[in-house]
Amino acid sequence: MRRRPSGLSLLEALMTILLIGIVVLLSSGLLNGMSRMNRRSQEGESSVMGLAALEAMRREVLEAVTITSPSSATFEGELIFNKINPNATGRLPNSPATWTPHAGPYMLTVKYSQEGDQVVRLATDSGGASSKAVVARDVEAFSAGLPRAEVVDLRLSFKRGRMVISERT
């Protein structure tokens, strides 16, 4: 009886290398596709957060009593305005003759500005208490301007796209 030699033949070794090559090629294509999807997802998150930030600013500008900055048509890197503080106590008067809703104790100063690659909202009440919150990330530039009466232009530029909104106040 003749014994078969142990080990792989040349043909078996080549087939094994070919199969390994096909598996590596397919898995690298999958990894590349997954990294592209992840990048698009992050871009989408920035866009959604940017749109939400612009909408929040728009709503607050509509509630503004006075706009302090920007003071003209030039675009500045901050937006500062005063609005009636919805959390202030004792806003309703005992008699209508003494009611001044725009008086200092009932006002809230809101400032939107860019800090690094974030847009930050800082709200300060008449007592000096303040709260700070990040409203947008991955921001390249933020600006606000008053191109004409009763119009505030809010502009956010992201590292991966640009969003612009104009709103009447």
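**Salt bridges, core and surface of a predicted model**

Arg58 and Glu55 both belong to helix α1, where they stand three residues apart, about one turn of the helix. In this predicted model, their side chains meet in a salt bridge, with 2.6 Å from N to O. Arg58 is buried, because its relative accessible area of 18% is under 20%, whereas Glu55, at 29%, counts as partly exposed.

This pair is one of eight salt bridges found in the whole structure. Another joins Lys83 to Glu60, with the closest N and O atoms 3.0 Å apart. Lys83 lies in strand β2 and Glu60 in helix α1, so this pair ties together parts that are 23 residues apart in sequence. Both Lys83 and Glu60 are buried. A further salt bridge, 3.6 Å from N to O, connects the side chains of Lys111 and Glu78. Here strand β3 holds Lys111 and strand β2 holds Glu78, 33 residues apart. Through shared partners, salt bridges also join Glu60, Glu63, Lys83 and Arg121 into one network.

The largest nonpolar core has 20 residues, and those touching the most other members are Met57, Leu79, Tyr112, Val119, Phe142 and Leu156. Helix α1 and strands β2, β3, β4, β5, β6 and β7 each supply at least two residues of this core. Beyond its neighbours within four places in sequence, Met57 is in contact with Tyr112, Val119, Phe142, Leu154 and Leu156.

Ile22, a residue of helix α1, is partly exposed at 41% relative accessibility. Finally, the loop between β5 and β6 contains Asp138, a residue other than glycine whose phi is positive, near 55°.

Note on methods:
Residues are numbered from 1 along each chain as its sequence is written. This is a predicted model: local features need pLDDT of at least 70, side-chain atom pairs count only at pLDDT 80 or more; totals for chains, interfaces and linings use all residues. Side-chain values use heavy atoms; hydrogens and water are left out. A nonpolar core is a set of buried Ala, Val, Leu, Ile, Met, Phe, Trp, Tyr and Cys residues joined through side-chain atoms within 4.5 Å. Buried means under 20% relative accessible area, exposed over 50%, partly exposed in between (1.4 Å probe, protein chains only). Helices (H or I, at least four residues) and strands (E, at least two) are DSSP runs, numbered from the N terminus. Contact means heavy atoms within 4.5 Å. A salt bridge is a side-chain nitrogen of Lys or Arg within 4 Å of a carboxyl oxygen of Asp or Glu.
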